Amino acid sequence: MKLTDEQIQRYSRQIILPRVGGKGQTKLSEAKVFIMGAGGLGSPAALYLAAAGVGTIGLADSDRVDLSNLQRQILHRTCDAGEWKVESGKKTLQALNPEVTVRTYPERLTSANAREMIKDYDLVLDGSDNFPTRFLVNDACYFEKKTLISGAILRFEGQLSTFKPHANGPCYRCLLPEPPPPGHVPSCQEAGVLGAVAGVIGLFQANEALKEILGIGQSMTGRLLLFNALDLSFHEMKVQKNPTCPLCGEHPTIKELVQYSLSCPTQDIASLQVSPKTPDKTSQEFL
Amino acid sequence: MLESEAEVRRRGEDQSGFHEVGPGIAGGEALRPPIDRELDLKGKVCPYTFVESMLALEEMEDGQVLRIVVDYPPAACDVPQSLKREGYEILEVRKINNTDWTICVRNRPFEE
């Protein structure tokens, strides 16, 4: 693909990067990324992916913009309150970069539509705010052999990993085989989150997506990053493929998508299952 | 293998339509490297002179020589410096008339 003068101007700062170049820019413009959730994580991720010239971005979210979202969901403006988040997000992304095609899915991800929704994309970013969706996204990515870049936040902490079971890496269920029982994890409105923490983790998701598309750097597959905003500390744990994983293990028990019910329908924040202080434990020891 | 000046000049003209003026090639003093491609960046300013040079090199074979023509004075200094920093071999920088410079650079493999 020959870059136009306008594209050369728009992307010049990344075209001149070693191992990006015009070829990398073309990879970006041909890439299709599905973002689950146009909220705290999806917002910064989508903005940076659009700015970098990722050609097609799918935005899925069944909610409308609420004033309480604006503290962290930077795709949306005060005047967007009441609008579908995916439509508000599309407007913002296209104003930033009209070259990007934004496809919108103003519906909840279900076991009936999940595989169909993601199958046309190269890469999936999970910025969802509840466990049922998180497990659905993971399982759908496993069955469709899509790389999943997973981010989660709560209060002052965040976590990040990349799941590539199709490339011999672990999946989300290797880390957490089943959703935690209702009440086990603090609910959304009780918990709270610092907006900038969503920004940090969402941007890491965008960063990992760009690396996966360009095929550069060290992937986060098999690694779990833990971020603490109060200490400004990062810890990293190894995540190993779990041979007894119910989805991608040696004797899988999950053969099709499972629909879990929402334990907290108003849940607004992606929940952390882990809050380790020891960086060198494996996920299995940790769980 | 070294090519004659005339061959170099003819090839440059055939590929890019660029016609060199002034004392540049006609002088016939030192032998110039064979040119595989010419890139006319007259009218372009930094950093696009550098960006477009990189894009052209990326499309060329390892070891081939690109001759870049610029008329933006800072580019005559900055483009060779930046290319050198990226690991390219600068073969020659030459003022060819009152307004233009040519920069000859040898390509290296693109790191994917």
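User: How many bridges join strand S2 (residues 56–60) of chain A to strand S3 (residues 101–105) of chain A?
Analyst: Happy to start there: this is a predicted model, in which local features need pLDDT of at least 70 and side-chain atom pairs count only at pLDDT 80 or more, while totals for chains, interfaces and linings use all residues. Residues are numbered from 1 along each chain as its sequence is written, and chains are lettered from A and ligands numbered from 1 in the order in which they are written. Strands (E, at least two residues) and helices (H or I, at least four) are DSSP runs numbered from the N terminus, and two strands pair if DSSP finds at least two bridges between them. S2(A) and S3(A) run parallel, and the number of bridges joining them is five.

User: Which hand does the crossover from S2(A) to S3(A) have?
Analyst: Between these parallel strands, the chain passes through helix H4 (residues 85–96) of chain A. A crossover counts as right-handed if, with the strands pointing away from the viewer, the path from the first strand over the helix to the second runs clockwise. By that test, this β-α-β crossover is right-handed.

User: Why is strand S5 (residues 147–154) of chain A largely enclosed by the rest of the structure?
Analyst: A residue is buried if 20 or more other C-beta atoms lie within 10 Å of its own, exposed if 12 or fewer, and partly exposed in between, with C-beta atoms placed from the backbone. Thr147(A), Ile149(A), Gly151(A) and Ile153(A) point one way from S5(A), Leu148(A), Ser150(A), Ala152(A) and Leu154(A) the other way, and all are buried. S5(A) is largely enclosed because the buried count is eight of the eight residues.

User: Which residue takes a positive phi in the hairpin of S5(A) and S6(A)?
Analyst: Seven bridges join S5(A) to strand S6 (residues 157–163) of chain A, and these strands run antiparallel. Gly151(A) stands opposite Leu160(A) in S6(A). Two residues lie between the strands of the hairpin, and the one with a positive phi, near 55°, is Arg155(A).

User: Is Arg13(A) buried or exposed?
Analyst: Arg13(A) sits in helix H1 (residues 5–15) of chain A. Because Arg13(A) has 10 C-beta neighbours inside 10 Å, it counts as exposed.
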